[in-house]
Amino acid sequence: MNKPEIASRIEKLKKLINHHRYQYHVLNKLEISEAALDSLKHELFVLEQENPELITPDSPTQRVAGKVLPKFEKVPHEVPQWSLNDIFHASELADFDARMKKMLGVDSLDYVAEQKIDGLHIVLTYKKGLFVMGATRGDGSVGENVTENLKTIESIPLKLEREVDVIVEGEVWMSSHVLGELNVERQKNNEPLFANPRNAAAGAIRQLDSSVARSRKLDCFVYDLSRADFPIPETQEAELKLLGELGFKVNTHFKKCDNADEILAFWKHWSVHKKDVPFWLDGVVVKVNRRDYQEQLGYTGKGPRWSVAFKFPAEETTTIVENIEISVGRLGTLTPLAVLNPVSVAGTTVTHATLHNEDRIRELDIRIGDSVIIRKAGDIIPEVVSVLYDLRKGDEKPFHMPKNCPICGSVTLRKERESATYCTNSACYAQEKEKIGHFVVGFDIVGLGPGIIERLMDAKLVNRPTDIFFLKKDELLGLEGFGEKSVEKLLKNIEASKKIRISKFLFALGIRHIGEESALLLSKNLFKEKMYSVLDWYVAVKKISLEELKNIHGIGEISGESFFDYFQSETVSQLFEDLNRAGVEFMGDASQIKGSKLEGKTFVLTGTLPNLSREEAKRKIEELGGHVSGSVSKNTDYVVAGEEAGSKLEKAKELGVKILGEGEFKKLITNQ
Ligand SMILES: [Zn+2]
């Protein structure tokens, strides 16, 4: 960007941030996530640091957050309430550390790292040891008198252990557990849910009726002694100890760090283990430990120079869409992908985000060059959440789905009733690669990951799924990265996969609209024999009428038609000849499970079982006629949950599905 462009970007950022700041801090409304807003603020902050002549007094970086709501008595703060500068990366921590040392002229410096709790900042005043006033931060110089509400919080002492005059600062918070209960209650009453405990705590403290605050079971940590009628301790560490002695609740999860590496380790630990504490954490507060150093370093207009908030990786952030590309998937689906200006989200660098399909692009009106908010949660592919239209310059380019496949050049097609666009060429390379990968998963062949499949395809050893069964030892040994042992193991796994359940085989084919569930339904209803030769089965499947398919309970019109069309197509006969030649055999799903207690039962496995691997558990269930599914639904009979079971367990509880531990599961499978 050149200077005028930077100036224009800064102006637009300021306007946008101010709008959202007002919504969030004054009206308690969340239009974009706090993380996304932080990201915009950070961009503005960095631009201003690089171009200090463009900083104006009205910039959001020049003030502390919040306007006072008119409801409560306004009280001026005796001690100004600063806010901390945010940092997001290890490199920024190193910069901070270097700056502190340079300003103090020292070679080593120790710090205190404390958990940054996502709560409500409050200021408590005590006279002769008695609690006389509690106030919110407000705009930093004037807060709201919320004494009565704060008195309902049991962890705030009404009388201190010593008869002293002090002003302290702390954080009011609500536990994740209480937040969950509160939201359940609010849902019942058709009230809007709280997005985080900070909003819930702030809402409670700002209620004029203090019984509401009491009912919300709030808690409070105190971490700063800002004024006292006795000498304040010489270090932050000693200060925390003293606060505890005075009778305040002090968060015990803090650490004195001898250098920046120790801070980083503390930060990393809690960014991974933040769920281990009952309150929400959004980062680590870093403070220079020695008070004389703090005084020497002093304050900027905004806050203390000697402290920063080192935020945890946000799950949302902002970036720019540099281009929109197309990837072709297993079913020939063309998925538009946003190529992003690389950005760090949730601890990883994100360069692409999915745009799902043409409708989604139109709905968002996303254009090449747009500034966007992206989200990355867990292992899910990052996605574009929204477009920041206010930041547009006017030269952003709209995107249209291509008329030809970008991989093979074939004509693309969008069917009625569907949002996806397809490549019409079934031999398209990318399509083929995905298809082979899916086939391998369906056949449960261990040791054939996507990378290996690609190598086999590039070596032209595998051009279509069934080629897997004709791989030769010496061919494989000629490839880079394949040793004698690994080749033998792979060939053994391939051999073992040749006896396959029909349901698994149907799934492996990757027929559009036939997932694991419908494959099982079809198999059980249509193929009652115990074993089938490949060619007999193929003859039988071609005789099934469309009517018959549609009459199977649970198979809809779309899946039925898709299945029917697939087997009527002449091109699949080659596949069955190949499978037959390879010695593949089909096992019926219905006959094997007759009389078994697990017949027709659907299981979902989640978490780690102490003594049983997931593969073993799956095999056991299938041997006894049960079926293992990847996701919990109302059709699930049992969820077998081990250590660190996640969302699947939650879902099971929600739906009232029976949950088994390893012991109960073992009992179930041995009592057959
Ligand atoms: Zn293609």
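## Helix H9 and the five-stranded sheet

Helix H9 lies across strands E3, E9, E10 and E11 and runs at about 160° to E9. Helices (H or I, at least four residues) and strands (E, at least two) are DSSP runs, numbered from the N terminus. Angles run from 0 to 180 degrees between N-to-C directions, and axes are lines fitted to C-alpha atoms, for helices over the stretch in contact. The model is predicted: local features need pLDDT of at least 70, side-chain atom pairs count only at pLDDT 80 or more, and totals for chains, interfaces and linings use all residues. Residues are numbered from 1 along each chain as its sequence is written, and side-chain values use heavy atoms, with hydrogens and water left out.

The sheet is open and consists of five strands in the order E2-E11-E10-E3-E9, with mixed pairing. Strands E2 (85-87) and E9 (254-257) stand at the edges with a single partner strand each, so one side of each has no neighbour in the sheet. From one strand to the next, the twist averages 30°. Strand E3 (residues 111-117) and E9 run antiparallel and are joined by four bridges; two strands pair if DSSP finds at least two bridges between them. Within this pairing, Lys 256 in E9 is the bridge partner of Val 112. Helix H8 (residues 236-246) also packs on the sheet, where it touches E3, E9 and strand E10 (281-288), and its direction makes about 50° with that of E3.

## Packing of H3 against H9

Helix H3 (residues 90-104) packs with helix H9 (residues 260-272) at an angle of about 145°, and their axes are 10 Å apart. The contact (heavy atoms within 4.5 Å) is made by Ala 90, Leu 93 and Asp 97 of H3 together with Ala 260, Ile 263 and Leu 264 of H9. By class, five of these residues are nonpolar, none is polar and one is charged. Ala, Val, Leu, Ile, Met, Phe, Trp, Tyr, Cys and Pro count as nonpolar, Asp, Glu, Lys and Arg as charged, and the others, Gly among them, as polar.

Four of the five residues of strand E15 (residues 371-375) are buried, so the strand is largely enclosed by the rest of the structure. Buried means under 20% relative accessible area, exposed over 50%, and partly exposed in between (1.4 Å probe, protein chains only).

E15 pairs with strand E12 (residues 316-328) in the antiparallel sense over five bridges, and Glu 316 stands opposite Arg 375 in E15. E15 is also joined to strand E16 (residues 383-387) by four bridges, again antiparallel. Here Val 387 in E16 is the bridge partner of Val 372.

## Helix H12

The buried residues of H12 include Ala 430, Ile 436, Phe 439 and Val 440. The buried residues of this helix pack against E12, strand E18 (421-423), helix H13 (450-458), strand E19 (499-501), helix H16 (502-508) and helix H21 (573-582).

## Residues with positive phi

Just after H12, Asp 444 takes a positive phi of about 55°. Lys 128, a residue other than glycine, has a positive phi near 50°. Lys 128 lies in the loop between strand E4 (120-127) and strand E5 (130-136) and counts as exposed at 56% relative accessibility.

Asp 365, also not a glycine, has a positive phi of about 50°. Asp 365 is found in the loop between helix H11 (358-364) and E15, and is partly exposed, with a relative accessible area of 29%.
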